Amino acid sequence: MSGTGALRQRAARGRRAGKAADAPGGRAHTDTPRKAGSLIHQPENLLLPASSCLAPGDRALFRASRHHPFFPNLAVCLFPLLFLLPSVLSLPCPRFLRSVFSPEPQTSYSFRGLQISSFANRSWTRTDFLAWLGELQLYTWRNESDTVGFLKPWSQGTFSEQQWEQLQHTFQVYRRSFTRDIWEFVKILHLDYPLEIQISGGCELLPRNTSESFLRAAFQGKDVLSFQGMSWVPAPDAPPWSQELCKKLNQDQGTKETVHWLLHDIWPQLVRGLLQTGKSELKKQVKPEAWLSSGPPPRPGHLWLVCHVSGFYPKPVRVTWARGEQEEPGTQQGDVMPNADSTWYLRVTLDVEAAEAAGLSCRVKHSSLGDQDIILYWDHHSSVGWIALAVIVTLVLMAGPAFWLRKHWTHRGSPSSSLPLE
């Protein structure tokens, strides 16, 4: 049988499968052709079984066919190109072509989204979404909003307006379906309100144009399941009911295909687009400023040394207290906190005996500094402190006599005021 004939038979089988659109646990199809290059292949649901997730109106909106009559001919035409392209790109000459067709990020970039859903009872629920690229928050979707909010001008990436509308519609249907199904699962599994659900998902774009994706769900702050390969898997030490939940979720093949498609196709595609549209901000480098201070002594005979580092970007930084090249044990690092201008601040402290403070230094390593680390010596800080104290004492001593003379002169009055008038 010729390759073209096999493809035509496969398309015919796809059209026949469309007639069984409402078969339980399967993906819904229709004979309506899908536009070539469409972002959404219109699955029935994103997470939970189609039979319980979607209202009849939602189901009709999500039916679409992958078997457009144009596709067999397109596949035959593209086959020689796909066959020859790897050989061409493997040659040493066309490095420009390799960079165009297979861009390789120099470093890894992670994209992660977080859903937080609170259920006080069956009548009060709230669901919020947040998403980051690395340490930059790019999206927010609050419970009272119908649309995903962009936090950066380039948050749309390289997706078109139509693609974003399709993707956003998918999320809207998912959110409605998720709430209904949680109510149903609470009833089936005999769970008690209130309850909190967190879902974390995303991907990491690695060098050589590869990616790793993940999706995990937690209940009351404890992991209960994750999506691995093409199946839902209970988490280690998850509650016994997680087995039943995963069994029910795995019955819906269409949902599993959709989740796999989002994790392994859409999210990597989105990240690659964001790396293009947000290149200037993602590559931004801002040098840190650093200074030393001392806090209240933790106990008699000890000093509380504080190294402040502020105004740096991007977030990764290494700050240590050291003696020579040896890092000092007992160094405590606080949380890296955001500044109002999107840069970062960090405080690193050290509890040390006063007699041992001499010779200590704070070292700051950051990508914006290259090999020129910032090194601040506590000895220098102490001497500067003593000099400042001496200057302050001198000014106070000088200000006292000056104030007395000014006050005394005011009481006596000026010499000209005592002269007789002619």
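This is a tour of one predicted model, stop by stop, with what to select at each.

Residues are numbered from 1 along each chain as its sequence is written. Because the model is predicted, local features need pLDDT of at least 70 and side-chain atom pairs count only at pLDDT 80 or more, while totals for chains, interfaces and linings use all residues; side-chain values use heavy atoms, with hydrogens and water left out.

**Whole chain**

Start with the chain in cartoon view. Its secondary structure comes to 10 helices and 17 strands, taken as DSSP runs numbered from the N terminus (helices are H or I, at least four residues; strands are E, at least two). Of the 422 residues, 36% count as buried, where buried means under 20% relative accessible area, exposed over 50% and partly exposed in between (1.4 Å probe, protein chains only). Among contacts between residues at least 6 apart in sequence, 58% join residues at least 24 apart; a contact means heavy atoms within 4.5 Å.

**Helices 6 and 7**

Select residues 161–189 (helix 6) and 241–249 (helix 7). Two packed helices are described by the angle between their axes and the distance between the axes. Here the axes come within 11 Å and cross at roughly 130 degrees. That makes helix 6 oblique to helix 7: angles under 35 degrees count as roughly parallel, over 145 as roughly antiparallel, 65 to 115 as roughly perpendicular and the rest as oblique. Axes are lines fitted to C-alpha atoms, for helices over the stretch in contact, and angles run from 0 to 180 degrees between N-to-C directions.

Now show side chains. Phe185, Ile188 and Leu189 in helix 6 meet Trp241, Glu244, Leu245 and Lys248 in helix 7. These residues divide into 5 nonpolar, no polar and 2 charged (Ala, Val, Leu, Ile, Met, Phe, Trp, Tyr, Cys and Pro count as nonpolar, Asp, Glu, Lys and Arg as charged, and the others, Gly among them, as polar).

**Cysteines**

Select Cys307 and Cys362, which are joined by a disulfide with an S to S distance of 2.0 Å. The rule is a pair of cysteine sulfur atoms within 2.5 Å, and by it the count comes to 1 disulfide. Cys307 lies in strand 10 (residues 302–312) and Cys362 in strand 16 (residues 360–365), so the pair ties together parts that are 55 residues apart in sequence. The torsion about the S-S bond is about -80 degrees, so the disulfide is left-handed. Both Cys307 and Cys362 are buried. Cys203 is buried too, with a relative accessible area of 1%, as is Cys246, at 3%.

**Cis peptide bonds**

Go to Tyr193 and Pro194, joined by a cis peptide bond with omega of about -5 degrees. Pro194 sits in the loop between helix 6 and strand 5 (195–206). Another cis bond joins Tyr313 and Pro314, with omega of about 5 degrees; Pro314 is in the loop between strand 10 and strand 11 (318–323).

**Positive phi**

Select Asp237, in the loop between strand 8 (231–234) and helix 7. Asp237 is not a glycine, yet has a positive phi of about 60 degrees, and is exposed, with a relative accessible area of 66%. Ser342, also not a glycine, has a positive phi of about 75 degrees. Ser342 lies in the loop between strand 14 and strand 15 (344–353) and is partly exposed, at 35% relative accessible area.

**Val336**

Finish at Val336, in the loop between strand 13 (332–333) and strand 14 (337–338). Leaving aside neighbours within four places in sequence, Val336 is in contact with Phe312, Lys315, Trp344, Tyr345 and Leu346. Val317 is 19 residues from Val336 in sequence and 9.0 Å away in space, C-alpha to C-alpha.
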